[in-house]
Amino acid sequence: MARPVTFLSDYGLADEFVGVVHAVIARACPAARVIDLTHGIPRHDVVAGALALERALPYTPPGVHLAVVDPGVGGRRRAIAVRTAAEDRLLVGPDNGLLTPAAERFGGVTEAVEISRSPWRLEPVSATFHGRDVFAPVAARLAAGEPLAGAGAPLDPAELITLDRSSARFEEDGTIVAHAVATDGYGNVLLDLPHEALAAAPAWLRLGRPVRLEAGGRAAQAVYGRTFADVGRGELLVYEDATRALAVALNTGDAAATLGVAPGDELRLTAP
Amino acid sequence: MARPVTFLSDYGLADEFVGVVHAVIARACPAARVIDLTHGIPRHDVVAGALALERALPYTPPGVHLAVVDPGVGGRRRAIAVRTAAEDRLLVGPDNGLLTPAAERFGGVTEAVEISRSPWRLEPVSATFHGRDVFAPVAARLAAGEPLAGAGAPLDPAELITLDRSSARFEEDGTIVAHAVATDGYGNVLLDLPHEALAAAPAWLRLGRPVRLEAGGRAAQAVYGRTFADVGRGELLVYEDATRALAVALNTGDAAATLGVAPGDELRLTAP
Amino acid sequence: MARPVTFLSDYGLADEFVGVVHAVIARACPAARVIDLTHGIPRHDVVAGALALERALPYTPPGVHLAVVDPGVGGRRRAIAVRTAAEDRLLVGPDNGLLTPAAERFGGVTEAVEISRSPWRLEPVSATFHGRDVFAPVAARLAAGEPLAGAGAPLDPAELITLDRSSARFEEDGTIVAHAVATDGYGNVLLDLPHEALAAAPAWLRLGRPVRLEAGGRAAQAVYGRTFADVGRGELLVYEDATRALAVALNTGDAAATLGVAPGDELRLTAP
């Protein structure tokens, strides 16, 4: 019984790249089931990929988790496979911070291996498609039950690249200074303020009460609610989204476009 | 042996939503095979989703059929799982009409269950992602063979929401008044005139004969044919499409753009 | 144990077409695993589909390879299933050249069958969706182990349509005249100059040396390198891509847009 493999990338679906990675895995481990998490990560956006992986992983079966958002492919960045403390999950991808938020959700990394010259790689290794030549064959062999140590050379987990990521702060005057970390296909804006941090939020932030939003010089009024039904059509909603982090939505509309915010932008939330 | 699961939604593929639903199903029922029908239904377009599901379902293996186009998520709409009279198919999704045309293809609904508070749901249930928290775990448990009655509270099938949908009519002067129900990726326009209704069409509609099309004040000439090869490049074709409903295509072009029609628009067909 | 099926098309993912093909295969051969290579081939672009299939196939497990880019559907083009000399691969699709480059990679075709009226087809066969009605059921039955000869009427492999494709040439003055055969989602431009032909390239083409590119009246300077890291951000790179053919990339940019080239366009490479 092979372990399930999940796969996330910025490859998009216009080309055969995703299909070829599936094919390589199927050759090396025919019994492995591969679950595509998404291949719509914006090109080379390591932070967006890392956060999507972190959001998705708790819902996936423990197994092998392949992720490729790799602007440094062919350069000096390391390629890695790591084991998490909890649930014995194995993450495979470039060592550029992509894997670390997800690994931290499972207690961090207890074992790491450098796989650029893995004995399992496909030769000749291309300079530009390590998903096919390095990451997929390693993920497949791990799914088949081969030991992590066989994937390459041991690496000190303390040397792994971590991700620079923002986090919201609460100012003394009660302003919440948050940042957009992602926008989804509906135009909802995810902020860097997780459920756990909301316990310390200013007292003015109460369900059913208005919230003033400022972003890039624009201001707008929203309501802090539980769900879309708590505001009228075309009204802005501040809410805990499905990841339990604070988010902004526009009922039957596109909040990101309306507010003019993109990932990385600052949003200030105040009592009106 | 698990039952196969089909999955249709308006989630798109840019985010990890579809992948997370697959992951939840794989955790709850590792043996279930999941077939994606499409995730490209226009956002919140319940009618488009219902019609795509109705078109696809006769080609799918009997099993569990998960569909999520759910503008009312988090509001008062019911979440349901239903059994069809024929082939013992199980459909899971919001109670907003999305499932009813497909269920009618299989003799209608013989058993219905309200699943918003299903014992199989993932807690905490988010306000916005019932695909992950309610529909996927229910679909997975049904695929694993658990009884429908275990999914939630019994519901009278007569109380289910049905879909408002148009149908073409034949006027006394011989005009066929039809409506665009969908346009596909090629720009073909599907009309609300199924094969069965064509038997009563006016006598002027004959294979090989011209058809005058009027839509939104524009008029164009087409030919009633069997296939694209029956008209020249750049010419309009009226034909029975792969669903055996009447449709309009432009040979090697985009009929919807050329005629300026979108789903819901009226088209009038007359003898020239 | 069913043979794996790969599936490539120009159907896109906006509609249920791809899902319905999967469904038909799952009904006829529930044990077959289906690997999507891509469905993002530009509509009706047989050459692009043929080259993507040729690039992907060596990485796939031997099995049944379904490909549908079929502008002539419903007309007089043949529908075929063929066996390759090497690895006993079975390719299924329209007889318009789509399958031939991939088949040639495996020693060419040793057995061919015309399947338009296959006993395995779904009746009534639509005029426009042979992927569902002809190709998918044939692929599924072949995956299940039925003999190729049972799929339809024998056909002389010499009668199969081959693909018109360009190839780069070396002029006497040292100019390399190549053509764009594809651009990928990153904007990289693939040329019709494979690794094997590079052995005869003019001596001025050396790793680390500059290359002058001309396309459509525009000229630009590039470097012949091994990987993106060999040039600075925003600089053009000529390199052997992951298929080992010559390609042009722009480090962290879109070479196709910058050079203004599309598939079919000529590019001239000279020493500066």
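In this predicted model, C:Leu13 is found in the loop that runs between strand 1 (5-9) and helix 1 (17-28) of chain C. The relative accessibility of C:Leu13 is 35%, so this residue counts as partly exposed. C:Leu13 is part of a nonpolar surface patch, together with A:Leu13 and B:Leu13. The accessible area of the three leucines together is about 210 Å².

The size of an interface is often given as the accessible area lost when the parts come together. Between chain B and chain A, about 2300 Å² is buried, with 56% of this area on carbon and sulfur atoms. B:Glu16, B:Arg27 and B:Arg43 supply 25% of the area that chain B buries against chain A, more than any other three residues. The contact involves 32 residues of chain A and 30 residues of chain B.

Polar links cross this interface as well. Chain B and chain A share 14 residue pairs in polar contact. The number of salt bridges between chain B and chain A is 1. A:Arg55 and B:Glu16 form a salt bridge through their side chains, at 2.6 Å from N to O. Helix 1 (residues 17-28) of chain B provides 8 residues, the largest share of the side of chain B that touches chain A.

The contact of chain C with chain B was examined next. Here 29 residues come from chain C and 30 residues from chain B. Chain C and chain B bury about 2300 Å² between them, and carbon and sulfur atoms carry 57% of it. On the side of chain C, the most area is lost by C:Glu16, C:Arg27 and C:Arg43, together 25% of what that side buries. There are 14 residue pairs in polar contact between chain C and chain B. The salt bridge count between these chains is 1. B:Arg55 pairs with C:Glu16 in a salt bridge, with the closest N and O atoms 2.6 Å apart. Helix 1 of chain C gives the most to the side of chain C that touches chain B, namely 8 residues.

B:Arg55 belongs to helix 2 of chain B and is buried there. Helix 2 (residues 46-56) of chain B is mostly covered, with 10 of its 11 residues buried. Among them are B:Val46, B:Leu51 and B:Leu53.

A salt bridge also joins the side chains of A:Glu16 and C:Arg55, at 2.6 Å from N to O. A:Glu16 lies in the loop between strand 1 (5-9) and helix 1 (17-28) of chain A, and C:Arg55 lies in helix 2 (residues 46-56) of chain C, so the pair joins two chains. Both A:Glu16 and C:Arg55 are buried.

Another arginine of chain C, C:Arg132, lies in helix 4 (residues 130-143). C:Arg132 counts as buried because its relative accessibility is 4%, under the 20% cut-off. The side chain of C:Arg132 makes a polar contact with the side chain of C:Asp133 at 2.6 Å. Beyond its neighbours within four places in sequence, C:Arg132 is in contact with residues including B:Tyr59, B:Ala242, C:Val20 and C:Leu122.

Over all chains, the structure holds 48 salt bridges. One of them links A:Glu87 to A:Arg89, the closest N and O atoms being 2.8 Å apart. A:Glu87 is partly exposed at 42% relative accessible area, whereas A:Arg89 is buried at 0%. Elsewhere in chain A, salt bridges with shared partners join A:Arg169, A:Glu171, A:Glu266 and A:Arg268 into one network.

Note on methods. Residues numbered from 1 in each chain as written. Chains lettered and ligands numbered in written order. Predicted model: local features only at pLDDT ≥ 70, side-chain atom pairs only at ≥ 80, totals over all residues. Heavy atoms only, no water. Patch = residues over 30% accessible without salt bridge, like charges linked within 9 Å, V, L, I, M, F, W, Y side chains within 5 Å. Areas by Shrake-Rupley, 256 points an atom, 1.4 Å probe, with all protein chains shown as cover. Salt bridge = Lys/Arg side-chain N within 4 Å of Asp/Glu carboxyl O. Helix = DSSP H or I, 4+ residues; strand = E, 2+ residues; numbered from the N terminus. Buried < 20%, exposed > 50% of the residue type's maximum accessible area, 1.4 Å probe, protein only. Contact = heavy atoms within 4.5 Å. Buried area = accessible area lost by both parts, 1.4 Å probe. Polar contact = N/O pair within 3.5 Å; in protein donor to acceptor, adjacent residues only side chain to side chain.
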